[in-house]
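Good morning, colleagues. Please take a moment with the sequence and the coordinates before I turn to the details.

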Amino acid sequence: MSDPNDSMVPSTMEDGTALLSRRFLEFCTRVRSNDPSVLPAPGEPLRISRLSEKEDIELADALLENTNVTYLKLDTRLYTKSSAEAMAKYVRTSKSLQRIRWKDSYRRSQQREENLSCFLHAIQESTSLNELQIRLTPIGGPSFLALENMLTHTQSLRSLNLMYSYGILEEIAIAEVSPGFKKNTTLQELTLEISEAETNVSPLLTSLCNHPHLRNLQLHGSVGNLTGLETLLLSDNSKITELEIDGPFYGSTIIGLTSVLHALASRPTLTKLGLHRCRLGHDEFRPLRMALRNIPSLQSLDLSHNTLGSAGLAEIAPALYRNTSIKVLDISENSLNDMESAQILRDILRHNKTITTLDLSWNEFGRTGSAVDCI
């Protein structure tokens, strides 16, 4: 529910057993009858959290008869075996559910493992679900096998956002789930959110080298080590056309970034490239220029949050002068605020006639009136 159960607290019997409130039952009736008033705003999920076991089961039963709900936000931290099985049944059988945002419990327990496995098996059998965002705390156990099986046998999943946490366990989890990615044949988009900059994601990246459909790859969070990505980009079977990398908020240069930029020059079909917080320096500018000159299909370039300054902008400007494909250019938050930066930007816009969208936000050109006039 959009703001679940703040005013629908269930009453209780003398023995403490929860009863379902009249208002909650009325809500479930509207869910069953496909009443559009229960739907959130367009693009927003139906939020299900902070419900009692009886409420979870009743709502899951109502959703079985609903054909309008396409997007769920689930918080299963307090789920019991019964409530997990009830909601999993809905996920498994729904023909309209397309997207799920799923938050899992952080606490290690046998019940948690059973709930995870129950939901992952349901997702595996779904024929309508095409987008899943899931946050997992890797602790090992049956849920790892269930996740691998889901990736191997899913029928409809096209987009996956996988968020792990907790350092070395994160690395173990990535290694454990990699065989599932190697066997997957449905994913077109993969977002991996990493919590520790030292995490080795190489097993997962190399497992994707022969993926038949994966086109969009995003590495977010604290990406500090890109080992394995070069191999993926240079693979003759790789289908990657969109790549986005987020560097760590704090820390040193990203390991393997220069090699990745060299590899990009061998991917002429790339259409979208994002390099956020990658701390681009002298070693990266030359291969980046080479890549921009050798990718005739590139339509979107995002270099935000790199503190390029006028010197860095001057390094990549020659490649942007020659480019005839980029339509979207984002150089926001790059410490561009002086006359030299403005003059370089002016020349880029004079030479490049294909750019239709330009993001200059958080660069403080306004502090220099002549720079603004120049642009």
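I shall speak about the salt bridges, the nonpolar core, one serine and a surface patch.

Please keep in mind that this is a predicted model.

Let me start with the charged pairs. A search of the whole structure returns 12 salt bridges, and I shall discuss three of them individually.

In one of them, the side chains of Glu58 and Arg32 come together, with 3.4 Å from N to O. This pair links distant parts of the chain, 26 residues apart: Glu58 belongs to helix α2, residues 53-63, and Arg32 to helix α1, residues 22-32. Glu58 is partly exposed, at a relative accessible area of 22%, and Arg32 is likewise partly exposed, at 22%.

Next, Arg99 forms a salt bridge with Glu131, and the closest N and O atoms are 3.4 Å apart. Because Arg99 lies in strand β3, residues 99-103, and Glu131 in strand β4, residues 131-135, the pair ties together parts that are 32 residues apart in sequence. Arg99 has a relative accessible area of 27% and is partly exposed; Glu131, at 28%, is also partly exposed.

The side chains of Arg289 and Glu315 also meet in a salt bridge, at 2.8 Å from N to O. Here Arg289 is in helix α10, residues 282-293, and Glu315 is in helix α11, residues 309-322, so parts 26 residues apart in sequence are tied together. Is Arg289 buried or exposed? With a relative accessible area of 18%, Arg289 is buried, because the cut-off for that class is under 20%. Glu315, by contrast, is partly exposed at 28%. Salt bridges with shared partners also join Arg32, Glu58, Asp61 and Glu65 into one network.

Which residues touch the most other members of the largest nonpolar core? They are Trp102, Leu160, Phe181 and Leu229, in a core of 101 residues. Leaving aside neighbours within four places in sequence, Phe181 has contacts that include Leu151, Leu160, Leu187, Ser207 and His211.

Ser117 sits in helix α4, residues 110-125, and its side chain reaches the backbone oxygen of Glu113 at 3.0 Å. Beyond neighbours within four places in sequence, Ser117 is in contact with Pro142, Ser143 and Ala146.

Finally, the surface. Leu349, Leu358 and Ile375 form a nonpolar patch there, with about 200 Å² of accessible area together. Leu349 is located in helix α12, residues 339-351, and is partly exposed, with a relative accessible area of 30%.

Thank you for your attention.

Conventions: Residues are numbered from 1 along each chain as its sequence is written. This is a predicted model: local features need pLDDT of at least 70, side-chain atom pairs count only at pLDDT 80 or more; totals for chains, interfaces and linings use all residues. Side-chain values use heavy atoms; hydrogens and water are left out. Patches are made of residues with over 30% relative accessible area and no salt bridge: like charges are joined within 9 Å, nonpolar side chains (Val, Leu, Ile, Met, Phe, Trp, Tyr) within 5 Å. Accessible areas come from the Shrake-Rupley method with a 1.4 Å probe; for residues, only the protein chains shown count as cover. A salt bridge is a side-chain nitrogen of Lys or Arg within 4 Å of a carboxyl oxygen of Asp or Glu. Helices (H or I, at least four residues) and strands (E, at least two) are DSSP runs, numbered from the N terminus. Buried means under 20% relative accessible area, exposed over 50%, partly exposed in between (1.4 Å probe, protein chains only). A nonpolar core is a set of buried Ala, Val, Leu, Ile, Met, Phe, Trp, Tyr and Cys residues joined through side-chain atoms within 4.5 Å. Contact means heavy atoms within 4.5 Å. A polar contact is a pair of N or O atoms within 3.5 Å; within protein, one must be able to donate a hydrogen and the other to accept it, and residues adjacent in sequence count only if both atoms are side-chain atoms.
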